[in-house]
Amino acid sequence: MVIDSLPIASAQALVLAPLPANNDTGEPVGQELNPTEPAQVEMIKSAKPVVSKNAASQCFDNQIINKSYCQTRLDELGITAAMNTVMVEHDCFDSMVPMAEVLFRPNAQDGIEILYVGLNGMKTYQKGRKELPYRRTRLNPMYCQKTNAPRYLTPRGAGTEVFFPPKELSTYHRQEPIKTLYITEGEFKAMKASSHGLFCVGVQGIHNFSEKDSLGNRILNTELEALIKTCAIKNVVLLLDNDCLTVTYEPDKDLFTRPNLFYSAVRNFREATKHLDKVDVYFQHINPSQVMKGIDDLLGSMSGQESEVVVDVLA
């Protein structure tokens, strides 16, 4: 078995101590993204990801990069240009016109801009008087290593959102039934799992399946709940990486913090979904004996045998 799965109630065995008051994941939020240059827009439309020599040299000591980090990552995941495109309706002169949008595209710093499309169209956020598309940025790992920058940047004040791959969006709009929905951490994992037949969405951290209501209470993300109800989903699974139960000893390190972080995510997930009628809720993780950390890594490492992984996940 490459996947360990258990009903959510079994996760209560992971209780170690009362939850901390703050369940934040610690992911940096609130840093501004660079505006998109017109030249970049034309580059994306031509579907030929290119990194400028100047941008590459600024980040990587004058090394010339032949293929962008974005294209390299998409190739690793097996995501084609067609799979990287989603149809979104835009308001045009009082009528809705469908237009193709690219989900993952390179930016001038050789990072990856990730477009978020919700169940009801393009996700946006306010920046001053402007309403802008919601794009999260995955920075180039080489840049992060050189500068100690965080891996991801989220637009200032935009909050967190759920990432829906194209297949999940189209299934929702056709109101077709889904037996099992997987919720995992990260857009790339969701895209990879979705491309191999699993219905999967991505969240921006293990706690970010919820939002606050008008009274400030934590509730299940409203789009997630709409998907569950519209598609009559029977099983909802929180799918974590293989290191969710791993504790590594270091001198003066509080060994309670890490397992409690994952336990609180599982417990809060159960609380957020408890009101759902006729829906079974599960906690699942990649088997710790596997070298590969996430579902994307696992599927990628078993090229030609992905169906075996899917069968194991669904077991």
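How many helices and strands are there in the protein chain? There are 10 helices and 17 strands, where helices are DSSP runs of H or I with at least four residues and strands are E runs of at least two, numbered from the N terminus. This is a predicted model, in which local features need pLDDT of at least 70 and side-chain atom pairs count only at pLDDT 80 or more, while totals for chains, interfaces and linings use all residues. Residues are numbered from 1 along each chain as its sequence is written, and side-chain values use heavy atoms, with hydrogens and water left out.

**A four-stranded sheet**
- Four strands form an open sheet in the order β4-β5-β10-β11, with antiparallel pairing, and two strands pair if DSSP finds at least two bridges between them.
- Because β4 (104-106) and β11 (152-153) stand at the edges with a single partner strand each, one side of each is left without a neighbour in the sheet.
- Strand β5 (residues 112-115) is joined to the antiparallel strand β10 (residues 135-138) by four bridges, and L115 has R135 as its bridge partner in β10.
- Helix α3 (residues 69-77) packs on this sheet and touches β4, β5 and β10, a contact being heavy atoms within 4.5 Å.

**Salt bridges**
- The structure holds 13 salt bridges, each defined as a side-chain nitrogen of Lys or Arg within 4 Å of a carboxyl oxygen of Asp or Glu.
- Within helix α3, E76 and R73 lie three residues apart, about one turn of the helix, and their closest N and O atoms are 3.3 Å apart in a salt bridge.
- A network of salt bridges links R73, E76 and D296.

Key: Axes fitted to C-alpha atoms, helices over the stretch in contact; angles between N-to-C directions.
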